[in-house]
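Let me put the model up, and then I'll walk you through some aromatic rings.

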Amino acid sequence: TRVPRRRWAPLAPVEGGHDPATVMAALDSFRPAFEILDQRGFAPGDNAAFSAVAADVFSEGLILGGPGLSPEETTPPALRSVVTLDGEALLDQEDAAPMHPLAAVAFLANRFNRLGETLQAGEVLLLGAHLPPYRHAGASAFRFQLGALGEVAFEIA
């Protein structure tokens with residue numbers, strides 16, 4: 001039986017901090033997404049993407065896919081990540097997420113709470129890359145299939 005979608009809830013500070021169990025009830029779903037980074041101003045090379053992240057050059061946007069599943073329906077180790085560029089596989093692996101998504105949400109909630117901020121209802125969180133940052137220029141088609149969570153795709157013309 002499919003768990004009905006629910007509305008996200010704020011993740012305000014709690015005594016002892018958040019853990020996967022305390023954040024689960026606040027989440028609507030897990031879905032595949034592409035994050036778009038702006039790496040202009042960084043010299044091309046193997047470390048350019050990591051230099052951008054280290055210099056606080058983060059997301060310029062995201063492309064969100066779906067349909068997604070509720071946290072109760074999601075089994076991260078069983079999810080197969082397939083990322084393609086113009087039909088060629090860049091990644092084809094099970095359990096490719098850098099950490100369990102519930103642990104990632106708890107980490108982010110606690111981090112924001114320590115900074116005096118609360119993750120608000122309806123916000124979209126990017127929970128970690130299945131691939132390292134990837135620099136690409138030119139016309140291309142990208143696709144990310146994440147098992148039962150669905151897929152997301154976009155084209156650069």
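When I say buried, I mean under 20% relative accessible area, with exposed being over 50% and partly exposed in between, using a 1.4 Å probe on protein chains only. By that cut-off F142 is buried, at 9% relative accessibility, and F34 is buried too, at 13%.

Quick housekeeping: this is a predicted model, where local features need pLDDT of at least 70, side-chain atom pairs count only at pLDDT 80 or more, and totals for chains, interfaces and linings use all residues. Residues are numbered from 1 along each chain as its sequence is written, and side-chain values use heavy atoms, with hydrogens and water left out.

On confidence, pLDDT is the predictor's own score for each residue, from 0 to 100. The protein chain averages 85, and 82% of the residues score at least 70.

Now the rings. Phe, Tyr and Trp rings (the six-membered one for Trp) pair if their centres lie within 6.5 Å; planes under 30 degrees apart are stacked, over 60 edge-to-face, and the rest tilted. That gives four aromatic pairs. In one of them, F34 and F142 sit with centres 6.2 Å apart and planes at 70°, so they're edge-to-face. F34 is in strand β1 (residues 33-37) and F142 in strand β6, so this pair ties together parts 108 residues apart in sequence. Strands here are DSSP E runs of at least two residues, and helices H or I runs of at least four, numbered from the N terminus.

F34 also pairs edge-to-face with F144, at 6.1 Å between centres and 65° between planes. Ring pairs link F34, F142, F144 and F154 into a cluster.
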